[in-house]
Amino acid sequence: MSEHSLISDPLSDEPVVPYEKLEAIFDDIKGHMLYDHELHGCLNCGICTATCPSASYYDYSPREIVQLLWTENLEGIYDAMQEKIWSCAQCYTCAARCPFENSPGGLVMIMREVAIKHEMESVKAVLRPFSRVLLKVISTGNQLAPNMITREAFPDWGPDVSKVEAPLAILRKAIPMPTMHTLDTAWVVNLKTSVELFSIWEATGVLDQLESVDENLFDVVLDVMDEKREEYEDWLEEQEDEDDE
Ligand code: SF4
Ligand code: SF4
């Protein structure tokens with residue numbers, strides 16, 4: 001490969017992507033703590049693509065993604081990170097079928113993390129339409145109520161969607177955190193859990209990633225966080241006052 005890659009980035013002003021940048025991106029993918037766990041080799045057999053629900057709907061093939069990584073095709077990897085990796089529904093049907101016990105879905109998740117870390121313009125373009133969904137998830141804890149999850153509504157989730165078509169009572173018991181089950185909007189996570197989630201997102205760098213992807217959404221989320229933390233402090237004070245009485 002030449003010192004300078006000839007890849008042009010259609011979503012940024014950069015005319016070419018320097019080879020050093022392609023290398024840095026691949027180093028971050030390969031250096032991810034899960035990489036060796038998700039990729040053991042590849043026969044190029046295509047079983048993953050044959051069973052992948054997203055491959056039926058989009059110009060996307062998990063076999064192609066795994067081959068790009070396995071052959072260390074740096075330009076192809078960068079190219080796939082512009083759009084293709086965002087087509088994966090993360091259903092992990094591929095991981096259950098691969099004779100090498102690879103997880104193409106897991107590899108895609110690593111590539112997404114690295115795309116966010118490198119603040120790729122493609123990330124911003126792909127995620128922008130989902131900002132309302134993100135805000136809903138972040139501010140209420142969940143986007144879906146269990147009765148919204150059906151095979152018909154989520155055809156691209158693959159055959160495993162049938163597993164979540166369980167009775168509502170069982171699904172509600174399966175939720176690990178205390179919630180207020182309001183089916184009108186979705187589940188609303190209780191105040192204490194929300195405040196704990198915000199602290200986890202702060203400590204693990206999720207909020208920093210959000211800031212790099214969507215600054216406006218980040219500002220709105222900060223406002224929501226401040227409001228909920230204040231509410232929680234007030235609630236704690238009220239409890240203390242009641243205990244003192
Ligand atoms: S990742 Fe697994 S299933 Fe997919 S092409 Fe490679 S060996 Fe086959
Ligand atoms: S996780 Fe699902 S959607 Fe993603 S590559 Fe695997 S089978 Fe396809």
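In this predicted model, the shell around ligand 2 is made up, by class, of nine nonpolar and four polar residues, with no charged residue among them. That shell counts 13 residues, and the closest to ligand 2 are Cys52, Cys88, Cys91, Tyr92 and Cys94. Two helices, α4 (53-57) and α7 (93-97), each give two or more residues to it.

Ligand 1 is likewise surrounded by 13 residues. Here the closest are Cys42, Cys45, Gly46, Cys48 and Cys98. The split by class is nine nonpolar, three polar and one charged. As for the elements involved, α3 (47-51) and α5 (62-70) each supply at least two residues of the shell around ligand 1.

Within α5, Pro62, Ile65, Val66, Gln67, Leu68 and Leu69 are buried. The cover over these buried residues includes α1 (19-30), α2 (35-38), α3, α6 (74-80) and α8 (104-117). Just past the end of α5, Glu72 adopts a positive phi of about 55°.

Ile77 makes a handy example of the packing: leaving aside residues up to four places away in sequence, Ile77 touches Phe26, Ile29, Leu68, Leu69 and Met111. In soluble globular proteins, nonpolar side chains tend to be buried together.

Turning to charged pairs, the structure holds six salt bridges. One of them joins Lys84 to Glu64, with the closest N and O atoms 3.2 Å apart. Lys84 sits in the loop between α6 and α7 while Glu64 belongs to helix α5, so this pair ties together parts that are 20 residues apart in sequence. Glu64 is partly exposed, at a relative accessible area of 26%, whereas several other α5 residues, among them Ile65 and Val66, are buried.

Another salt bridge brings together the side chains of Lys192 and Glu196, at 3.0 Å from N to O. Both residues lie in helix α12 (residues 191-204), and because they are four residues apart, about one helical turn separates them. Lys192 is partly exposed, with a relative accessible area of 43%, and Glu196 is partly exposed too, at 41%.

Glu202 lies in helix α12 and Arg229 in helix α14 (residues 215-244), so the pair ties together parts that are 27 residues apart in sequence. Glu202 has a relative accessible area of 42%, which makes it partly exposed. Arg229 also counts as partly exposed, at 24% relative accessibility.

Note on methods: Residues numbered from 1 in each chain as written. Chains lettered and ligands numbered in written order. Predicted model: local features only at pLDDT ≥ 70, side-chain atom pairs only at ≥ 80, totals over all residues. Heavy atoms only, no water. Near = heavy atom within 4 Å. Nonpolar A, V, L, I, M, F, W, Y, C, P; charged D, E, K, R; others polar. Buried < 20%, exposed > 50% of the residue type's maximum accessible area, 1.4 Å probe, protein only. Contact = heavy atoms within 4.5 Å. Salt bridge = Lys/Arg side-chain N within 4 Å of Asp/Glu carboxyl O.
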